[in-house]
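Q: I would like to learn how to read the contacts in a structure. Where do we start?

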Amino acid sequence: MNFYVMTLFPEMIRQGVGTSITGRAIERGLIDVQAVDIRDYSKDKYRHVDDYPYGGGAGMVMQPGPIYDCYQDIVKHMERPPRVVYMTPQGRVFSQEIAEELSREENLIFLCGHYEGVDERILEEIVTDHVSIGDYVLTGGELPAMVMIDAISRLVPGVLSNETSAQFESFQDGLLEYPQYTRPEEFHGKRVPEVLLSGHHANIERWRRQKSLERTLRRRPELLEHAALDKKDREYLDILINSSNNKE
Ligand code: ADE
């Protein structure tokens, strides 16, 4: 899978994705991340890519020309126009579902905005998706682009060392992950739950599922509305809800 990031801070992207799991995935050729400097497409001898906003107001606006030339350079060898994601707090809020959808693309372009924004005409012309990573305002689109690249890359086959591990964690079936333990068996007086030491796989599976349900109910109850639950899950949730009602 190929990611192209149009940015004024290519080093930030290279440093960010070049380490840890995404870094290894790049080395192994499973993903490719090209950080493309929009300034390289400035026609100005000082490499300016921004100007004052028409109509007045504070700050500077990124001009459409350099972004367009940068985009053309990226897509010139592609058979069909790829999706272009513009990071903005005005977009659809990023989720595991969007990560899964985007992980099926062969090429993805991210456009990172800065200053007070980007000329609307270039957004209208090339952007296919407006995406936010949450209801807060960042200084630019680089961190959101890296967040999205990370979440999408780990869904690319082979990127996680244990192929199954992307399936068994938070948001699998729409539930939060169960708690994990490792050695020692006792830490600061707290023992690892006995069932995990029992070697009884069916009991361990049941315990983990119940912990996932408990956690989701306590921490993110709204997720239960869309979670994939069977009859046993619902019965267990009823028990949890009734027992907490009885305590009140
Ligand atoms: N750019 C600035 N803030 C952002 C956010 N919350 N999500 C995506 N892009 C942004």
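A: We start with the salt bridge: a side-chain nitrogen of Lys or Arg within 4 Å of a carboxyl oxygen of Asp or Glu. In this structure, R83, R92, E101, E105 and D129 are linked in a network of such bridges. The model is predicted, so local features need pLDDT of at least 70, side-chain atom pairs count only at pLDDT 80 or more, and totals for chains, interfaces and linings use all residues. Residues are numbered from 1 along each chain as its sequence is written, and side-chain values use heavy atoms, with hydrogens and water left out.

Q: How many salt bridges does a search of the whole structure find?

A: The search finds 18 salt bridges. One of them joins R83 to E101, with the closest N and O atoms 2.6 Å apart. R83 is in strand 5 (residues 83-93) and E101 in helix 4 (residues 96-102), so this pair links distant parts of the chain, 18 residues apart. Helices (H or I, at least four residues) and strands (E, at least two) are DSSP runs, numbered from the N terminus.

Q: Which residue forms a salt bridge with R83 at 2.9 Å?

A: D129 does, 2.9 Å being the distance between the closest N and O atoms. D129 belongs to strand 7 (residues 129-132) and R83 to strand 5, so the pair ties together parts that are 46 residues apart in sequence.

Q: Is R83 buried or exposed?

A: Buried means under 20% relative accessible area, exposed means over 50%, and partly exposed lies in between (1.4 Å probe, protein chains only). R83 is buried because its relative accessible area is 18%. D129 also counts as buried, at 11% relative accessibility. E101 has a relative accessible area of 26% and is therefore partly exposed.

Q: What parts of the chain does the salt bridge between R209 and D173 tie together?

A: The side chains of R209 and D173 meet at 2.9 Å, N to O. R209 lies in helix 8 (residues 201-219) and D173 in the loop between helix 6 (142-153) and strand 8 (186-187), so the bridge ties together parts that are 36 residues apart in sequence. R209, at 25% relative accessibility, counts as partly exposed. D173 counts as partly exposed at 31%.

Q: How many aromatic pairs are there?

A: Rings of Phe, Tyr and Trp (its six-membered ring) pair if their centres lie within 6.5 Å; planes under 30 degrees apart count as stacked, over 60 as edge-to-face and the rest as tilted. By this rule the count comes to 1 aromatic pair. The partners are F3 and F110, which are stacked, with 6.2 Å from centre to centre and 25° between the planes. F3 lies in strand 1 (residues 2-7) and F110 in strand 6 (residues 107-111), so parts 107 residues apart in sequence are tied together. Both F3 and F110 are buried.

Q: Which residues form the nonpolar patch on the surface?

A: Patches are made of residues with over 30% relative accessible area and no salt bridge; like charges are joined within 9 Å, and nonpolar side chains (Val, Leu, Ile, Met, Phe, Trp, Tyr) within 5 Å. Accessible areas come from the Shrake-Rupley method with a 1.4 Å probe, and for residues only the protein chains shown count as cover. Here F9, M12, Y136, L138 and L143 form a nonpolar patch with about 450 Å² of accessible area together. Y136 is placed in the loop between strand 7 and helix 6 and counts as partly exposed at 42% relative accessibility.

Q: What surrounds the ligand?

A: A residue is near a molecule or strand if one of its heavy atoms lies within 4 Å of it. The residues surrounding the ligand include M87, T88, P89, V131, I133, G134, Y136 and L138. A polar contact is a pair of N or O atoms within 3.5 Å; within protein, one must be able to donate a hydrogen and the other to accept it, and residues adjacent in sequence count only if both atoms are side-chain atoms. A nitrogen atom of the ligand is 3.1 Å from a polar backbone atom of T88. For I133, the distance from a ligand nitrogen to a polar backbone atom is 3.0 Å; for G134, such a distance is 3.1 Å. The protein covers 95% of the 260 Å² of accessible area that the ligand has on its own.
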